Amino acid sequence: MRDADREQVFDRVALLTQDFERWPVTARTNIAIGRPGTEGAEEAVEQAADVVAAARYAGADRIVEKLPGGYETLLARVFRGASELSGGQWQKFGLARTRFRDARVIVVDEPTSALDPEAEIAAFDSIRGLVGPQRAVVLVTHRMSGVRFADVIYVLHEGRLVEQGGHEELLALGGRYASMFRMQAEQFDRQPSPSPSPSPPPPPSPSPSPSPSPSSSPSPSGSRSGASPIPRQAGASPNDSPVT
């Protein structure tokens, strides 16, 4: 690689990452920017057809149909009359840009981070469709469902290559790949634990008996009516507290 021509390397390699570019230009240019340098009227017509084909391949054509100006809609809110896309919609434009580039080596890094499950499956199918006799796809991902169909799987751990092989081969090996694959698969098979039954409410506390109302007339013993004298405990001195 050190001796290779830098321009030729860039011309043959495409990169699709989770941090894809959101160019503040038209929808058409957001796709065509993947392969700059086209000149002439015939090339421009051919490029326009290739842009539409790339958008259709990535599912971005359905997004373009809803834009007010179609392919000529500006995709940046900093401009008057422009439109803004969601993260998942931008990701489809990134895939369309990669398809339009028509590179020989495509490096794809976590391409479905902003997609829902249904769109993620469709995206992986489209990425696998990019593979051909003259084109290789290098997929970097932590999602095991996206790599099981790869020809060769390389497992990296702490920056080092620890395993390599096909999906079935690595499962039979029972190493790190098998552990990660089964760990993710178990997330779909795991049943939620039943919720604990709510505890019954505590019984109500008994309300205290009302104290007898004192009478205003004294009894012959000198205590008030309704209040009997408290007997002292046997053996207790007159200064002891009463035992109730």
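Arginine 128 and aspartate 125 join their side chains in a salt bridge, 2.3 Å from N to O. A salt bridge here is a side-chain nitrogen of Lys or Arg within 4 Å of a carboxyl oxygen of Asp or Glu. By this rule there are five salt bridges. The model is predicted: local features need pLDDT of at least 70, side-chain atom pairs count only at pLDDT 80 or more, and totals for chains, interfaces and linings use all residues. Residues are numbered from 1 along each chain as its sequence is written, and side-chain values use heavy atoms, with hydrogens and water left out.

**Helix H6**

- Both arginine 128 and aspartate 125 sit in helix H6, three residues apart, about one turn of the helix. Helices (H or I, at least four residues) and strands (E, at least two) are DSSP runs, numbered from the N terminus.
- Arginine 128 is partly exposed at 32% relative accessible area, and aspartate 125 is partly exposed at 41%. Buried means under 20% relative accessible area, exposed over 50%, partly exposed in between (1.4 Å probe, protein chains only).
- The buried residues of H6 are Ala119, Glu120, Ala123, Phe124, Ser126 and Ile127. Down the H6 axis they fall within an arc of 160 degrees, so they line one face of the helix. The arc is that of the directions from the helix axis to the C-beta atoms.
- Exposed Pro117, Glu118 and Ile121 are carried on the face of H6 turned away from its buried side.

**Salt bridges across the chain**

- Glutamate 72 pairs with arginine 28 in a salt bridge, with the closest N and O atoms 2.8 Å apart. Glutamate 72 lies in the loop between helix H4 (61-65) and helix H5 (87-101) and arginine 28 in helix H2 (residues 27-32), so the pair ties together parts 44 residues apart in sequence.
- Arginine 135 and aspartate 102 form a salt bridge at 2.4 Å, N to O. Arginine 135 is in the loop between H6 and strand S3 (136-140), aspartate 102 in the loop between H5 and strand S2 (105-109), 33 residues apart.
- Arginine 135 counts as buried at 17% relative accessibility, whereas aspartate 102 is partly exposed at 33%.

**Glutamate 163**

- Glutamate 163 lies in strand S5 (residues 160-165).
- Glutamate 163 is buried yet has no salt bridge; arginine 176, the nearest side chain of opposite charge, is 7.1 Å away. Lys and Arg count as positive and Asp and Glu as negative; His and the chain ends are not counted.
- The glutamate 163 side chain does reach the backbone nitrogen of arginine 176, at 2.5 Å.

Definitions and conventions. Polar contact = N/O pair within 3.5 Å; in protein donor to acceptor, adjacent residues only side chain to side chain.
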